[in-house]
Amino acid sequence: MTGKRKTAAILTAALFMTGLTGCAENQIPDLSGDEIQAVGEYVALTMMKYDINHRSRLMDLAVLEEAGSVPEGPAETQEPSGMAPVDDTPVVDSAGKEEQAVVSYSLEEVMGLPEGLEVTFTGQEVHDSYPEGEDFFSLNASEGKKLMVLHFSIANTGEQEQRLDILNSETIFQITVNETYSRRALTTMLLDDMATYVGTVSAGGSVDTVLVIELESGMAENVSSVSMNVKSEEKACTVSLL
């Protein structure tokens, strides 16, 4: 039997059954509004059930609620899988992190000098060549420039002789003149070059060393300030010389 024929037969049967209720006369009895609605809903559901073209998964919940067949939903919404949020989890603001204490180093610590050795700036001078009048070896300034020679004394305040090896400490010396002109100390073959000095300092004694940079000739006569930035592998410091 096709779907349409089934629908027609069911509708006819429903009307016939309502005709048999009440008196025995061959007429449709009077029905109340609720009874008419119930019959209509029953016929509608039956037709939908046997209609082959009706494939919708949607349901009229109002009809099912009256029939008492609406499934109850879950008692509570489940959290998605994974870690559940924790109310008391602290939120760290990067701006609120505790600042690390700034560690300052002395010139001697940056240079890696043994305890008891102290470095003192003793003055500066400007030359066309250094050392002046040296026949064996002298350092000459480039054309249009002058040599600024900075003198340092390294004293041993201890009671024992100290070995001094600045060369292998790989310390870098950066000289700044008048706050804007900055040059790295020249690498020289001078025996008293502080950046490459290797030797011993007797107890209570001292050695004289130098650092040399080139200046523009016009600047050499107007030096108002000199500072030195010293760096090693892990440490650094800045020293005001003039």
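Modeller: In this predicted model, strands β6 and β10 run antiparallel and are joined by six bridges. Within that pairing, Ile 175 has Met 228 of β10 as its bridge partner. β6 also pairs with β7, residues 181-184, again in the antiparallel sense, here over four bridges. In β7, the residue opposite Ile 175 is Arg 183. Three residues lie between the strands in the hairpin of β6 and β7, where Asn 178 adopts a positive phi near 55 degrees.

The core comes next. The largest nonpolar core has 32 residues, and those touching the most other members are Met 111, Leu 164, Phe 173, Met 194, Leu 211 and Met 228. At least two residues of this core come from each of several elements, including β6 (172-177), β10 (226-231), α4 (107-111) and β9 (206-216). Another core, of seven residues, lies apart from it and includes Tyr 130, Leu 147, Leu 190 and Val 210.

Beyond its neighbours within four places in sequence, Met 111 contacts Val 119, Ile 166, Ser 169, Thr 171, Phe 173, Met 194 and Val 230.

As for the whole chain, it comprises five helices and eleven strands. Of its 242 residues, 26% are buried. Among contacts with a separation of 6 or more, 70% are between residues 24 or more positions apart. The accessible surface comes to about 17,800 Å², and carbon and sulfur atoms account for 51% of this surface.

Notes. Residues numbered from 1 in each chain as written. Predicted model: local features only at pLDDT ≥ 70, side-chain atom pairs only at ≥ 80, totals over all residues. Heavy atoms only, no water. Buried < 20%, exposed > 50% of the residue type's maximum accessible area, 1.4 Å probe, protein only. Contact = heavy atoms within 4.5 Å. Areas by Shrake-Rupley, 256 points an atom, 1.4 Å probe, with all protein chains shown as cover. Core = buried A, V, L, I, M, F, W, Y, C linked by side-chain atoms within 4.5 Å. Pairing = 2+ DSSP bridges.
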